[in-house]
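Please load the model in your viewer, and keep the sequence panel open beside it.

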Amino acid sequence: MPSFLNTGINFEAGDFMMEYGTPILQIKGVGEKTARIFEKMGIVTVGDLIRFYPRDYEKFEEALPVRDVKKGEICAVRVRIAGSVTTKKIRNLTILNAVAADGTGKIKLTFFNMPFLKNVLKPGGVYLFRGMIQYKDGMFVMEQPKMYKEEEYRRLMETIQPRYPLSAGMTNHMVTKSVKQALSFCLPEKEFLPETILRSEKFMDREEAVHNLHFPKDFDTLIEARKRMVFEEFFLFILGLRGRKMENDTADSGFSYIETAQVERFLEKLPFSLTNAQKKVWEEIKTDLQGMRLMNRLVQGDVGSGKTIIAILALLMTVTNGYQGAMMAPTEVLAKQHFDSITEMNQKYKLGMHPVLLIGAMTAKEKRETYEMIADGSADVIIGTHALIQEKVMYKNLALVVTDEQHRFGVRQRENLAAKGNMPHVLVMSATPIPRTLAIILYGDLKVSVIDELPADRQPIKNCVVDTSYREKAYRFIEKEVAAGRQVYVICPMVEEGETDSDSSSMDNVENVIDYTQKLKGFLPSSIRVSYLHGKMKSPLKNEIMEEFKNKNIDVLVSTTVIEVGINVPNATVMMVENAERFGLAQLHQLRGRVGRGEYQSYCIFISSSDKKETMERLETLNKSNDGFKIAEEDLRLRGPGDLFGIRQSGEFAFKLGDIYNDAHLLKKAGMWVDRLLSEDEKLIKQEHENLRLYLENEKWNPIDFRTI
Ligand code: ADP
Ligand code: MG
C-alpha cells in the first residue's frame, strides 16, 4: 500500500489483486444490495469506483472560541455543558437541548432522535462538537453536530476527507471505504500522457494523482493532483474532437439542394423580418446545404435571439428539396414544444410540411404508426428526443438533423443514421454563450455561426440582486404579477433536503424545491396555484406539469434548473432564483432567458444567501448586462486559476472533473498540447505515444466515450 494511503483502516488483504474490470462485488463489505446502489450511481467495476471522484473535500479546522464562530459556516467548538440537558418529545421526534459555553460565549446544541445522549453529555463535561452554525433567538445554535474525542479530532485535522456525490441508500463512509480498498489492491493504469508533456508541465504522475484526488495528503498536493487529472480529461476530449474534425472536413454530401421559392415566401409572410444576425446565419446555412461537403455547423445565439426560426428555415428547405429533416431536443417537454410551434406555423403559413412527433411517452401503437410514416416518407419533419435515432426508426431519406440545446451529436448517433441511408447534414443550436477563446477549442470540430443580436422589439428584463431579507417583498411582488394574470418561476438548487449528501451539513442553507413549495404555499394566498418540477421526476409527470404551466393552470412553478433549457412560456414574467450564489453567471443568464419572451415587462430577482462582497459583486454583473457573451466573458474573468472548487457551470460541458470556466487555463494548455502532438505524430505511431494510442483504442478503459462527444 502506498504510504500516502495510510488511512487507519486495516484490511484483511488476501493476496489477490484487482483489476479495473473486476466487479465491485469483489470489494470487501460490498454485498449484493450495496452493489445495486453502486450500479445506480454508474459504478459496476473497481475501475468505475476509482474514477468516481469526490465532488468536494472536508477539512477539519482547529476548534474556535465560541466568540469567533460564524453563522452559516461549519465550525468546531470545544465547550463545557452548562446546566442540565433537557429532552422533549413532539410526536415521533425526540429533541434534546443543551447549552454549552467556553468562556468566550454560549452556544445551544440541539439533537434529534438521539435520546441516549442524555446519559452521555454530563453537565460540566467538556466536549468537541462540529457542525453548521445557526443563529436563533439571539444565540448561536448547532443542530445535530457531530461529537469527537480530542485525539480523534486531532487526527482528522491532519487529513482532508473526500466527499462523494451520493445516491439514496449510499453513505460517504461506504464509498470512502470501498475506494480505499480499490486503490490498495487494484493494479494502477499505465501512465499514458507523453513524457514531454509531463516534464514540461511538471505534472504529477498518474497513479499518485489518482490517489491524491481521493485521499489528498494535503491541500497543495490535492491541487497538483487535480490539475493533472483535469488536464488529462481536457486533453483526451480535445484529441477526440480533432479526430472528428478530420472526419467532418472530408465527408461528402450525398444530397443536392437548391434554393426554393417556398422558403422565400415563408420569410415574406412572417410577421417580423429576420434580424441582420439571423440573415447572416441563414445565408451560411444555405450555402452549407448547397455545398459539396456535409454540413457540421453550430449556431450559437443568446437566449431569445431567435434560433428556432433558423432551424425551421433549414427544415423547410430540406423538405421542399424532397428530403426528410429531423429535429432533436434534449427533453420531451422541449420536443413537444417544438412540435407544437412547427405544427402551428405549418398550418398558419401553409408550408406543406408533414411534421410528426416521436417521444418515449407515446404508446406502442402510436410509435408504430409514426415509424411507418417516417419509413414511407409521408412524414417529412420528425421532431423528438433521442428516440429519433433508435434502431427501429427507418428514414426514407433523411438529409438534415437539427439538435437543439445539446451541442454534442455523437459519432455513434450519426453512424446509426448513416447505416440507414446517407450521412445527414448536422445543425446544432446552442444558447450557451461561451467566451470566444474557449469556444475555439470546445467547438473545434464544428463551424460556428453566431447570432449576436436580439430582435429589436424586446423589452429588457428588469433585474435585482438582493439578500434573503428581501424575500417577503418578492412574494408580494409575485402576488401582484399573478393577480395581473402573469406567471412566475422560482428556482431552487436542490430537489430535496440533503439530496446530494446525506451525512453532510454543509447544505443546510440551501433551498430545496419540495420544502420550498410547501413554504411558499403558506406565504401566498391560497388562490395562487403553486406546483413544482425537478429532474428526478418521471418524464410523463414532468411533461404534464409543463403542459399545465403553459395552459396557465399553474401560477407559480418552483423548479430546479431543469427548466433551464429552451422552455418558452411568454406569459411568465417573473424569475426568482434562490441561492443565486450557487450558480454560475452564465447559467443564471440562461435561467433569466425563460422570462422576457413576450409582450410583458419581465423581472428577474436573484436572491443571494451569502453576504460576501465578492459574491454580490459577481451577481451584480447580471444587473449590468443582458448580453450572454459579455456575461460569459465576465464570468471567466472573475474566476482566477485558484478557484479550483468554485461554482461549476452545469449544462452542456459537463466534464467529470474539469470546469471550463474555473479551469480555462488548463483547457487552453490542453488545446495547445494536442495541436503540438498531432502536428508531430498525427497517427500516434511513435514509441513515446504508444501508451496513449493503446489507451484511446481501449474503449472499455476510456473515461471519455468518444462515440458520444
Ligand atoms: P431562442 O434563440 O432562445 O431559441 P426562440 O427561437 O425561441 O429563441 O425565439 C424567441 C421568440 O422570438 C419567439 O417567439 C420567436 O418567434 C421570436 N422571434 C424570432 N426571431 C425574431 C425576429 N427577427 N423578430 C422578432 N421576433 C423574433
Ligand atoms: Mg430555443
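**The whole protein**

With everything selected, the protein exposes about 32500 Å², of which carbon and sulfur atoms supply 51%; accessible areas come from the Shrake-Rupley method with a 1.4 Å probe, and for residues only the protein chains shown count as cover. This is a predicted model, in which local features need pLDDT of at least 70 and side-chain atom pairs count only at pLDDT 80 or more, while totals for chains, interfaces and linings use all residues. Residues are numbered from 1 along each chain as its sequence is written, chains are lettered from A and ligands numbered from 1 in the order in which they are written, and side-chain values use heavy atoms, with hydrogens and water left out.

Of the 709 residues in the protein, 53% are buried, where buried means under 20% relative accessible area, exposed over 50%, and partly exposed in between (1.4 Å probe, protein chains only). Among contacts (heavy atoms within 4.5 Å) between residues at least 6 apart in sequence, 73% join residues at least 24 apart.

**Ligand 1**

Select ligand 1 next, together with the 15 residues that surround it, of which the closest are Gln278, Gly304, Lys307, Thr308 and Arg458; a residue is counted here if one of its heavy atoms lies within 4 Å of the molecule. Lysine 307 instead uses its side chain, with an N or O atom 2.8 Å from an oxygen atom of ligand 1. On its own, ligand 1 has 570 Å² of accessible area, and the protein covers 82% of that.

Move to tyrosine 371 in helix 13, residues 364-376, which counts as buried because its relative accessibility is 15%. Show its contacts, leaving aside neighbours within four places in sequence, and you will find Leu358, Gln390, Lys392 and Val393. A distance drawn from its C-alpha atom to that of tyrosine 395, 24 residues apart along the chain, reads 8.4 Å.

Serine 625 is in the loop between helix 20 (613-624) and helix 21 (628-638), and at 13% relative accessibility it also counts as buried. The side chain of serine 625 reaches the backbone nitrogen of aspartate 627 at 3.0 Å. Not counting residues up to four places away in sequence, serine 625 touches Arg592, Lys630 and Ile631.

Select arginine 693 in helix 23, residues 690-697; with a relative accessible area of 24%, arginine 693 is partly exposed. Beyond neighbours within four places in sequence, its contacts are Lys683, Leu684 and Ile685.

**Two loops with positive phi**

Most residues other than glycine have a negative phi. Aspartate 137, in the loop between strand 5 (126-136) and strand 6 (139-143), has a positive phi near 45° and is exposed at 81% relative accessibility. Finish at lysine 202, in the loop between helix 6 (195-201) and helix 7 (206-214), where phi is positive, near 55°, and the residue is exposed, with a relative accessible area of 67%.

Methods:
Helix = DSSP H or I, 4+ residues; strand = E, 2+ residues; numbered from the N terminus. Polar contact = N/O pair within 3.5 Å; in protein donor to acceptor, adjacent residues only side chain to side chain.
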